[in-house]
2 protein chains.
Amino acid sequence: MAIEKLARVNREEEGIAAVLGILKQRFGERFQTGQAIREQHAHTTTYIPLQPPDGVAFPESTQEVAEIVSACAAHRVPVIPFGVGTSLEGHVNAPGGGISIDMGRMNRVLAVHAEDLDCTVEPGVTREQLNTYLRDTGLFFPIDPGANATLGGMAATRASGTNAVRYGTMRDNVMALTAVMADGRIVRTGRRARKSSAGYDLTRLIVGSEGTLGVITSLTLKLYGIPQAISGGVCPFPSLERACEAVIATIQMGIPVARIEIVNQLQMKAMIGYSRLDYPESPCLFLEFHGSEAGVAEQAGSFGEIAADLGGGPFRWTAVAEERAALWKARHDAYWSSLTLRPGARGLSTDVCVPISRLAECIAETEADIDRMGLIAPIVGHAGDGNFHVLVLIDMDSAEEIARAEEFVARLNRRAIAMDGTCTGEHGIGQGKSPFLVEEHGEGVEVMKAVKAALDPLGIMNPGKIFPA
Amino acid sequence: MAIEKLARVNREEEGIAAVLGILKQRFGERFQTGQAIREQHAHTTTYIPLQPPDGVAFPESTQEVAEIVSACAAHRVPVIPFGVGTSLEGHVNAPGGGISIDMGRMNRVLAVHAEDLDCTVEPGVTREQLNTYLRDTGLFFPIDPGANATLGGMAATRASGTNAVRYGTMRDNVMALTAVMADGRIVRTGRRARKSSAGYDLTRLIVGSEGTLGVITSLTLKLYGIPQAISGGVCPFPSLERACEAVIATIQMGIPVARIEIVNQLQMKAMIGYSRLDYPESPCLFLEFHGSEAGVAEQAGSFGEIAADLGGGPFRWTAVAEERAALWKARHDAYWSSLTLRPGARGLSTDVCVPISRLAECIAETEADIDRMGLIAPIVGHAGDGNFHVLVLIDMDSAEEIARAEEFVARLNRRAIAMDGTCTGEHGIGQGKSPFLVEEHGEGVEVMKAVKAALDPLGIMNPGKIFPA
């Protein structure tokens, strides 16, 4: 994406210089301004160009974050929260410069309440770190966006992933959070009760706000018991349409699948080569079931019948942990396998989500569009949610090809919106999708802007994100 | 509650007179100003005194609601949305007068998308009406607050009820909504995708906002397949503590109970008398399981073992629909049975919710407080969520007794907040609980106020609710 298409944010040179001095004095080695570290903090898994911040702070407490934000507020300097930089839409870029707040040192698990199935963590804790920490408790945190992202970053983008169909998204699993607001004020949005009707839902307001309303400094998360039994399997289908019909029937019958992922033919080809899978090159569903031993067998049996009725199968499934792990490793490596389809290319990921009744149609039209535009672009999707990702493999040296890919993505986003869907199921708007926010939300964007102006009147919180120029 | 304790809202006589004229001319018979109808629209299931509106409008479309709100905005006149008046905290009172918007004529089911497990309804549709409408589709809408409330009202108060432990609350089940904002603008907060990361979560901002940000004029709701099998049962325990331990073990083991309700000894006594139940007068859990036939038997078996280990039981359960219906009718009639404990008394309901590890302690301290204060007050609770209701039976002719009950309720709310819980799990703040909002949310209330001021700068949307004076 060409820089000039992104929302512009003016640089306030004088304020930035003042804040650099204040933070250097206050944080010493925990405030860095070297070029390499600044560029690293503008890194995102995206083709959007780098826009590095002017400095990077490494706070160790909510109080320190409040100090940083207060200093920035006093001098009208942008604040950009940073987890580990796995976001896909330029969320950590600093188009008007400013201070990146790296949460890497705020990575403690603060409390685990096993009886209540919840925990409280600092925002720099990654999901793998949390699950390793929890291992002896018999509990786990299910949300799995693929990347080993930080929980703060996952909350900020309202992330989800392969098992949202069973466990929901970050929207459903953040019970409460602490945030430093734009004026340095510290707010706790809720308590540990499982539900509350006490006032506005500030938790959900901040989850998905991409750092534009406040900086998340702790999160209270729901946990789940590790299932007694887990089984998984792969089922090929004669067509994508049939695979989607199987998904609809599975969801409608109330089979509580933990994962139901769709992989198109081109993506299967890549995965078969990369992960040495013994499956046909046809559209497949990858599934996982959680429950009692009898329960997962019953679920797999019911799904197998649905698949067979639709001409799919054979449905091969296993409860053996190693075999299951190999399958899901192949699914998680889909990104890397895709890159082998065109060595040297960069991947541009898309993220539309539609009602599942429209999923087959949306993927079919998208595949036809890929062909028509001469792009190489495999597809994987969280089919149970109606969410799929096209990875467009582009030659970054070809401006023409980048433009062609952007045209394809624009049409894909509009196709999903026209089907009563969204341009982003789980990646967020960031810089890359802001042109589509208005097409999707219409007047609602004015309401969002009013909330933004009320809570961040100086416009210092992650400016240039979400809202179009 | 004495009127002088409620947040005051000034009456704007001139504006009210102007709006009465405008709406009479525009809506004719669909705008009423008679005393009886006005008082009926200030009715809530509560002991808070009536504060009737100046007129009641009966719109038939979102556009008509927008016209009413625009007229009120032009003259700074309060707008109070009305469903069927089952709220418990004075939500439909009009402390500064104004216009009640009765949603009774906006009661159409607009669309059912069976393949996507969703539907779109007008706000005046009640939950029973929706489930009757859905009967032939094999789908149902699970949220059941007891009363046959409207879905608009349930969304506005973030309601839940007996099966939130399995299906979540209105927060989780409203996918999108249409609202008329304070300036008459019509906003659609989302689409029919199961998840989205596109901008601020306006749906969740309006769900639970109690009419103070906008008037809900349509809702898109999640639906679920009617389970193949349902079983239910009752299990007595030697003490409330043991019953709570059984709840914790059940949730922690991941048994997907659809309902798990706690009933204390006094409430059981009332129910046994009123509903002729054949159970001992000891604390009981009422349960329901949803799944396949094998699944519900497995769940009931697992729960029975947990109960026996804790000295509870016998756990009698049935998959026979009529027997199950009788049990749940007794549970749903708990309110009416309670009133038989003190004929002539009014019931004052409370609604705290705590982490389930604190539930036994919270109920035990509350029972001791009831004794100490000489009150008659049975307890039922949605134990799986940590949410319970004390129904304080009061003689409304005794100011001393009302004051004593209010002191008890204040202490109960503070006890729950001190246990990291909330003063309201599902009823909302309304007028009755606004003194506790600040104790619960601290600085967060300032953020809520900033959002309120940004979206309703004239303060016309259901004034005097949520925020303390």
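1. Overall size of chain A. A compact globule of 469 residues would have a radius of gyration near 23 Å, and chain A agrees, with 22 Å. The radius is taken over C-alpha atoms, and the globule rule is 2.2 Å times the number of residues to the power 0.38. Along its principal axes, the C-alpha trace of chain A spans about 65 × 55 × 40 Å.

2. What kind of model this is. This is a predicted model: local features need pLDDT of at least 70, side-chain atom pairs count only at pLDDT 80 or more, and totals for chains, interfaces and linings use all residues. Residues are numbered from 1 along each chain as its sequence is written, while chains are lettered from A and ligands numbered from 1 in the order in which they are written.

3. Make-up of chain A. Chain A has 17 helices and 18 strands. These are DSSP runs numbered from the N terminus: helices are H or I with at least four residues, strands are E with at least two. Of its 469 residues, 58% count as buried. A residue is buried if 20 or more other C-beta atoms lie within 10 Å of its own, exposed if 12 or fewer, and partly exposed in between; C-beta atoms are placed from the backbone. Take the contacts in chain A with a separation of 6 or more: residues 24 or more positions apart account for 73% of them. Two residues are in contact if their C-beta atoms, placed from the backbone, lie within 7 Å.

4. A sheet in chain A. Four strands form an open, mixed sheet in the order β1-β2-β4-β3. Its edge strands are β1 (31-32) and β3 (79-82) of chain A, each pairing on one side only. Strands pair if DSSP finds at least two bridges between them. β3(A) and β4(A) (residues 99-102) are parallel, with 4 bridges. A:I80 has A:S100 as its bridge partner in β4(A).

5. Helices on that sheet. Helix α3 (residues 62-74) of chain A touches β2, β3 and β4 of chain A, and its direction makes about 175° with that of β4(A). Helix α1 (residues 13-27) of chain A lies across β1, β2 (55-57) and β4, at about 35° to β2(A). Axes are lines fitted to C-alpha atoms, for helices over the stretch in contact, and angles run from 0 to 180 degrees between N-to-C directions.

6. A closer look at A:S100. The C-alpha atoms of A:S100 and A:P81 are 5.7 Å apart, although 19 residues separate them along the chain.

7. Helix α15 of chain A. This helix (residues 399-418) has 20 residues and reaches 28 Å from first C-alpha to last, close to the 28 Å expected at 1.5 Å a residue. The expected span is 1.5 Å times one less than the number of residues. Among its buried residues are A:F408, A:V409 and A:L412. The buried residues pack against β16 (346-349), α14 (359-372), β18 (387-394) and α16 (434-441) of chain A.

8. Where the chains meet. In all, 78 residues of chain B are in contact with 77 residues of chain A. The largest share of chain B's side, 8 residues, comes from α17(B). That side divides into 32 nonpolar, 27 polar and 19 charged residues. Ala, Val, Leu, Ile, Met, Phe, Trp, Tyr, Cys and Pro count as nonpolar, Asp, Glu, Lys and Arg as charged, and the others, Gly among them, as polar.
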